Amino acid sequence: MSEEMTLEEQKQMAIDNYVNLMRIKADEKAENKELERQLKIAKLKLSTFAIDLSEIETMF
């Protein structure tokens, strides 16, 4: 049985992923190129959902 995620579930997962990456970045003391790449990818995915990240980004 294959259950597909709804658009809202996909959006929530993308937001959760971005928030988790931002938490890691907030704790990271050294440069982390892979983390920066993952953040760019997550941001790009969120932009396809037209999600405004400005409020999330001010938390960190």
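L46 counts as buried because its relative accessibility is 0%; buried means under 20% relative accessible area, exposed over 50%, and partly exposed in between, using a 1.4 Å probe and protein chains only. This is a predicted model, in which local features need pLDDT of at least 70 and side-chain atom pairs count only at pLDDT 80 or more, while totals for chains, interfaces and linings use all residues. Residues are numbered from 1 along each chain as its sequence is written, and side-chain values use heavy atoms, with hydrogens and water left out.

**Around L46**

Let's stay with this leucine for a moment. L46 sits in helix α2, which covers residues 33-48; helices (H or I, at least four residues) and strands (E, at least two) are DSSP runs numbered from the N terminus. Apart from neighbours within four places in sequence, L46 touches A14, I15, Y18, I51 and L53, where contact means heavy atoms within 4.5 Å. L21 is 25 residues from L46 in sequence, and their C-alpha atoms are 13 Å apart in space.

| Helix | Residues | First to last C-alpha | Expected span |
|---|---|---|---|
| α1 | 21 residues | 31 Å | 30 Å |
| α2 | 16 residues | 23 Å | 22 Å |

In α2, the buried residues are L35, L39, A42 and L46. They cover an arc of only 65 degrees around the axis, which puts them on the same side of α2; the arc is that of the directions from the helix axis to the C-beta atoms. The face turned away from this buried side carries the exposed residues K33, K40, L44, K45 and T48. As for partners, the buried residues of α2 pack against α1.

Helix α1 spans residues 7-27, and A14, Y18, V19, L21 and M22 are buried in it. Seen down the axis of α1, its buried residues fall within an arc of 165 degrees, so they line one face of the helix. Those buried residues pack against both α2 and α3, the latter being residues 54-58.

**Two exposed residues**

E8 belongs to helix α1 and is exposed, with a relative accessible area of 54%. A50 is found in the loop between α2 and α3, and it counts as exposed because its relative accessibility is 68%. The backbone of A50 is worth a look on your screen: its phi is near 55 degrees, a positive value in a residue other than glycine. E8 and A50 are 42 residues apart in sequence, with 12 Å between their C-alpha atoms.

**The protein as a whole**

Now for the wider view. The secondary structure comes to three helices and zero strands, in the pattern α-α-α along the sequence. Taken along the principal axes, the C-alpha atoms fill a box of roughly 45 × 25 × 15 Å. Of the 60 residues, 18% count as buried. Among contacts between residues at least 6 apart in sequence, 59% join residues at least 24 apart.

The protein exposes about 5000 Å², and carbon and sulfur atoms supply 52% of that area; accessible areas come from the Shrake-Rupley method with a 1.4 Å probe, and for residues only the protein chains shown count as cover.

Definitions and conventions
The expected span of a helix is 1.5 Å times one less than its number of residues.
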